[in-house]
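Hello,

Here is the structure I promised to pass on to you. Have a look at it first, and then read on for what turned up in it.

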Amino acid sequence: MKTNLIIFGNGSHANVVVDELDRLKKYKILGKVNIKNKIKYKNKIFNIKDFCEKFKKNKIKGIVAIGDNKIRRDIVYKVERMMPNFKWETLISKNSIISKKTKIGEGSMIISGTVINTNSKIGKHCLINTRSIIDHDNTWEDFSSSGPGVSSAGSVKIKKNSHIGIGSTIKEKIIIGENTLIGAHSFVNKNCKKNSIYYGVPAKLKN
């Protein structure tokens, strides 16, 4: 029996997620949520509040297919306030390579071509994008994300809500503070403080 699934998001990233779900062949997509927080379900339109009230007893799971960390987090919190027992689906592409000793939290999305090595931990509602390489003993905390082609060496720690831009490389044992952005194609060879922007080769603080 296929899992009934609602997709929160209807932009270009949601299309990528739908493609990954189709390959897995185990989901029945019941509807999508657009950027105005309304859900199209069987050709009817609900806002999130009405949807949660109507379907809170149904066996429906969800995934937030939105690339922006803050928006993804806000949607999760909003749904969970109205539906405390709502279940989030974890998406792991069939075209990824994940160590059996890696832990991946609920609601996270692992996109095609990704490699995650042994003893790494991916938190809740993270986005690990196309062809990212995450080496051993990494920790990516809740709502963190990578752009396509990111590489992180061993024992890297990415704290909550931080994003690593497309094509960036992170040296081993680096810690990146929460709410921090690493710009595209950067080389991170020093720890990065929270609530900051870094970019360049090597990456330097820009605010």
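This is a predicted model: local features need pLDDT of at least 70, side-chain atom pairs count only at pLDDT 80 or more; totals for chains, interfaces and linings use all residues.

**What I found**

Glu106 has its place in the loop between β9 and β10 (109-110); helices here are DSSP runs of H or I with at least four residues, strands are runs of E with at least two, and both are numbered from the N terminus. At a relative accessible area of 29%, Glu106 is partly exposed. On that scale, buried means under 20% relative accessible area, exposed means over 50%, and partly exposed is in between, with a 1.4 Å probe and protein chains only.

Residues are numbered from 1 along each chain as its sequence is written, and side-chain values use heavy atoms, with hydrogens and water left out.

**Aromatic residues**

The structure holds 4 aromatic pairs. Rings of Phe, Tyr and Trp (its six-membered ring) pair if their centres lie within 6.5 Å; planes under 30 degrees apart are stacked, over 60 edge-to-face, and the rest tilted. One of the pairs is Phe8 with Phe86: the ring centres are 6.3 Å apart and the planes stand at 90°, so this pair is edge-to-face. Phe8 belongs to strand β1 (residues 3-8) and Phe86 to the loop between α3 (69-82) and β6 (87-88), so the pair ties together parts that are 78 residues apart in sequence. Phe8 and Phe86 are both buried, and together with Trp88 they form one aromatic cluster.

Tyr77 and Phe143 make another edge-to-face pair, at 5.7 Å centre to centre and with 75° between the planes. Since Tyr77 is in helix α3 and Phe143 is in the loop between β15 (139-140) and β16 (145-146), the pair ties together parts that are 66 residues apart in sequence. Tyr77 is partly exposed at 39% relative accessibility, whereas Phe143 is buried at 5%.

There is also a charge over a ring: Lys206 lies over the face of Tyr199, 4.9 Å from the ring centre. The cut-offs for this are NZ of Lys or CZ of Arg within 6 Å of the ring centre and within 35 degrees of the ring normal.

**Helix α2**

Which residues of helix α2 (residues 48-55) are buried? They are Ile48, Phe51, Cys52 and Phe55. These residues cover an arc of only 95° around the axis, which puts them on the same side of α2; the arc is that of the directions from the helix axis to the C-beta atoms. The exposed residues Lys49 and Lys54 are carried on the face of α2 turned away from its buried side.

**Some loops to look at**

The peptide bond from Val201 to Pro202 is cis, with omega near -5°, and Pro202 sits in the loop between β24 (197-199) and β25 (204-205). Asp137, in the loop between β14 (133-134) and β15, has phi near 60°, a positive value in a residue other than glycine. Ser155 also has phi near 60°, and its place is in the loop between β17 (151-152) and β18 (157-158).

Best wishes
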